[in-house]
Amino acid sequence: METMLKKKTKGRPELLAPAGSLEAGYAAFHAGADAIYLGGSRFGARAYAGNFSEEELLRIMDYAHLHGRKVYLAVNTLLKQEEMDALYGYLLPYYEAGLDAIIVQDFGVMQFIRTYFCGIPIHISTQMSISGTYGAAYLKQCGAARIIPARELSLEEIYAVRSEVEIEIECFVHGALCYCYSGQCLFSSMLGGRSGNRGRCAQPCRLPYTVLSRQGHPVSKQGSCLLSPKDLCTIGKVGQLIEAGIDSFKIEGRMKPAAYTAGVTAIYRKYIDQYLDCGVIAVQEKDYQQLLDMGNRSGFTTGYYSQYHGPDMLTARRPAHETGGSTILDTVKKQYTEKELKIPVHAKAYLKTGEPAKLQVSNETYTACAEQGITQAAANQPLTRESLKVQLSKTGNTPFMMESMECDMDDSVFLPKQQLNQLRRDALANLTEQILKPYRRTGNRKPNTIGRAAKQQTSSSPNVFYAAVEEAAQLAEAVKHDFLSRIYLDASMYTHSQFATQLEKDVSLIHSFGKQAYLILPAVFRRKTAQFYEKHWQEIGRTGIDGYLLKTYDELGFIKAQQTSQGCCVLDHSLYAYSNDTAGYFASEGWRHITIPLELNRKELLAWAGRKRFLREGSTQELMAYGYIPLMTSTQCIYRTLGACTKKRGLCYLKDRYAKKFPVKNHCSECYNTIYNTQPLSLIQLPDELDKLHFSAYRLHFTIESAQEVRLILNCSRQSFLEHTVPDMSRLVGAYTNGHYKRGVE
């Protein structure tokens, strides 16, 4: 890495600090942050942070702009339709006041901002799980100015994105890590109804689990925290991060106090500047210790910048956010929260008898003037230069300090103190206005909140059924059921060495039963995976495959780059379309076939279906009616954590404190794990309910089921949906869940 990057020189990276409160925002700037990111009263991924009222947010924006800093607003949750309708009014005051950028997760929110808030930079949240050049290039094409890629990327992968795509890159350098690819976690959502996609994660990953073999035997210590990463700390890698081309160094911690924000920011400011000045970094032990004392989880890790995965990145024991006590926080708080930045101002006063008094004030860029009253000849006590300077230099609680003052005045003149004070206030207010004026915006057009997408004239077909399979035995059973018109084949079924050959055999089998065959691309599409598909894409196309199920934005970019027809592609539920607006924006980009997200409840699904008439001609929507819901997609590997990786596909279980068992599959070709819910989602027993939704198709997704279980589930589906008889759900192995159909998420 060092050799590869040693000739690469970059400019000064932005230091971006979290602000969970107004106090934290000020402290971050005082400690050297170039920018802060924060949440407003709605739509932020840290719903339990202090966040900002409208008045507070406008105040911190002006403060930042007066001092040449920036403020980014997180709108990085998935928005339901009624929230999309409220988005314009929420963003308008911040847009007009000069907000520097908006961080988004929802594709519909991104396109909404691009349409109705022209010119404001859009930053792609790490919640969008961008993991390569294809995703970065695609979202740049869609209007993004910056991406915050998946935290799992190595320095080499980041360098490749930065080198191949002209887009800003923002990366986390310090703070908490997620076990799951951000934005692909439904663990908290399914267990307790608190969705990470809605900023309300309950962090079940921090709890203890025991690993069981496929046969149910314990293979780990009871109660190990196998899903809990240590906190990230890259202070010793600042030089490498700069040379990798990272444009913005991001500190995690909007839930942390102001002292934490300031203390961590100050140390990263020190070492960024040190590297830029000297070309080397020598981290002092006291600084590293201070970072530990500010807060850590069982120590620090340098994260995925240094390694692909491994047990040393995890806490192993129940993590507590450990600090060095209140002393360090108190010291930092006094140093950075009890101070105020001031802008040096040069002033010149003009007092000529019989003329208005004038004051001109200037900073490095702007000059402003004010006039007040009429300068009089002194009757008793004339103004002296010294007294005039004292009076006009009292900047008080303004953001300015008088660095110098010139006085061009007649002898023996007088102006009342009240008018002198007003002269100073007016001049500084005018200078403030001059500095902030370039940030102000006007000229928005307000959206019509009803039916922004083109109308669809075609009707849905409620009795269309598809099956997805991840095992050969499941496929052998599924093709026998004539009511299925499409089979999705998971890419993990095939070895890389014989991929096209094995796929062609299965496609031929599916076609022989008169069904369509679609390929499910991997849930993780990083550089090595992309290179494999680049090399074999023509071969895959020659297998006769009819279409593709896409799971990531990198795959959307890949399909576009290969000039593959978007009409034969379906977006999976991980490419979220919570709202009809988002589905409409996807359709406007050519992605007309979507899967309904898994976190919507019955009422929201009915509302979604009721607005389908506003989607584009030919759009379709699939609803998952059965399947084990993927709770986490992680680059970490349970087998690797236990030191037992065989690089072979397998199945194990995580047992929690309530003895519930979560299936875990390892996908070795792309080297990631999927953790599934303990019970399968089933809406099979609700045919009358689903008929009211009129979605285009139902999908039955098989993951860990045996061929016999696949047969039972398909037979129950036929009975319920086509024969209109009550299926014997007791024949399904184990219990099932309605998922979010009844409860939904906050």
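The following conversation goes through a predicted model and asks how some of its descriptions are reached.

Biologist: Why is lysine 665 counted as buried?

Modeller: Its relative accessibility is 5%, and buried means under 20% relative accessible area, so lysine 665 counts as buried. This lysine is found in strand β31, which covers residues 661–667, and among the residues that lysine 665 touches are Glu470, Arg649, Tyr672 and Ile704.

Biologist: What makes the pair of lysine 665 and glutamate 471 a polar contact?

Modeller: The two side chains meet at 2.9 Å, and the cut-off for a pair of N or O atoms is 3.5 Å, with one atom able to donate a hydrogen and the other able to accept it. The side chains of lysine 665 and glutamate 471 are therefore described as making a polar contact.

Biologist: How do you know that tyrosine 63 is buried, and where is this residue placed?

Modeller: Tyrosine 63 lies in helix α3, residues 54–66, and its relative accessibility is 11%; since buried means under 20%, tyrosine 63 counts as buried.

Biologist: Which atoms or side chains does the side chain of tyrosine 63 reach?

Modeller: There is a polar contact with the side chain of histidine 30 at 2.8 Å, and the side chain of tyrosine 63 also reaches the backbone nitrogen of leucine 341 at 3.2 Å.

Biologist: What makes helix α18 mostly covered?

Modeller: Helix α18 spans residues 553–561, and seven of its nine residues are buried, namely Tyr553, Asp554, Glu555, Leu556, Gly557, Phe558 and Ile559. These buried residues pack against the helices α5, α6, α17 and α19 and against the strands β25 and β26. At the start of α18, a side-chain oxygen of threonine 552 reaches to within 3.3 Å of the backbone nitrogen of aspartate 554, while just after the helix glutamine 563 takes a positive phi of about 55 degrees.

Biologist: Why is α6 called roughly perpendicular to α18?

Modeller: The axes of α6 and α18 come within 7 Å and cross at roughly 80 degrees. Angles of 65 to 115 degrees count as roughly perpendicular, and therefore α6 is roughly perpendicular to α18. Where the two helices meet, the residues of α6 include Tyr134, Tyr138 and Leu139, and those of α18 include Tyr553, Leu556 and Phe558.

Biologist: What makes β18 and β20 the edge strands of their sheet?

Modeller: The sheet is open and has four strands in the order β18-β17-β16-β20, with mixed pairing. The strands β18 (367–372) and β20 (400–409) each pair on one side only, and they are the edge strands. From one strand to the next, the twist averages 20 degrees. Helix α14, residues 417–436, packs on this sheet and touches β16, β17, β18 and β20, and its direction makes about 150 degrees with that of β18.

Biologist: How do you know that β16 and β17 are paired?

Modeller: Two strands pair if there are at least two bridges between them, and five bridges join β16 (residues 343–351) to β17 (residues 357–362), so these antiparallel strands meet the requirement. As one example, the bridge partner of lysine 348 in β17 is glutamine 360.

Biologist: How many bridges join β9 to β14?

Modeller: Two bridges join these antiparallel strands, and in β14 the bridge partner of cysteine 225 is alanine 316. Strand β9, residues 225–229, is mostly covered, with five of its five residues buried.

Note on methods:
Residues are numbered from 1 along each chain as its sequence is written. This is a predicted model: local features need pLDDT of at least 70, side-chain atom pairs count only at pLDDT 80 or more; totals for chains, interfaces and linings use all residues. Side-chain values use heavy atoms; hydrogens and water are left out. Axes are lines fitted to C-alpha atoms, for helices over the stretch in contact, and angles run from 0 to 180 degrees between N-to-C directions. Contact means heavy atoms within 4.5 Å. Buried means under 20% relative accessible area, exposed over 50%, partly exposed in between (1.4 Å probe, protein chains only). Angles under 35 degrees count as roughly parallel, over 145 as roughly antiparallel, 65 to 115 as roughly perpendicular and the rest as oblique. Lists of a residue's contacts leave out its neighbours within four places in sequence.
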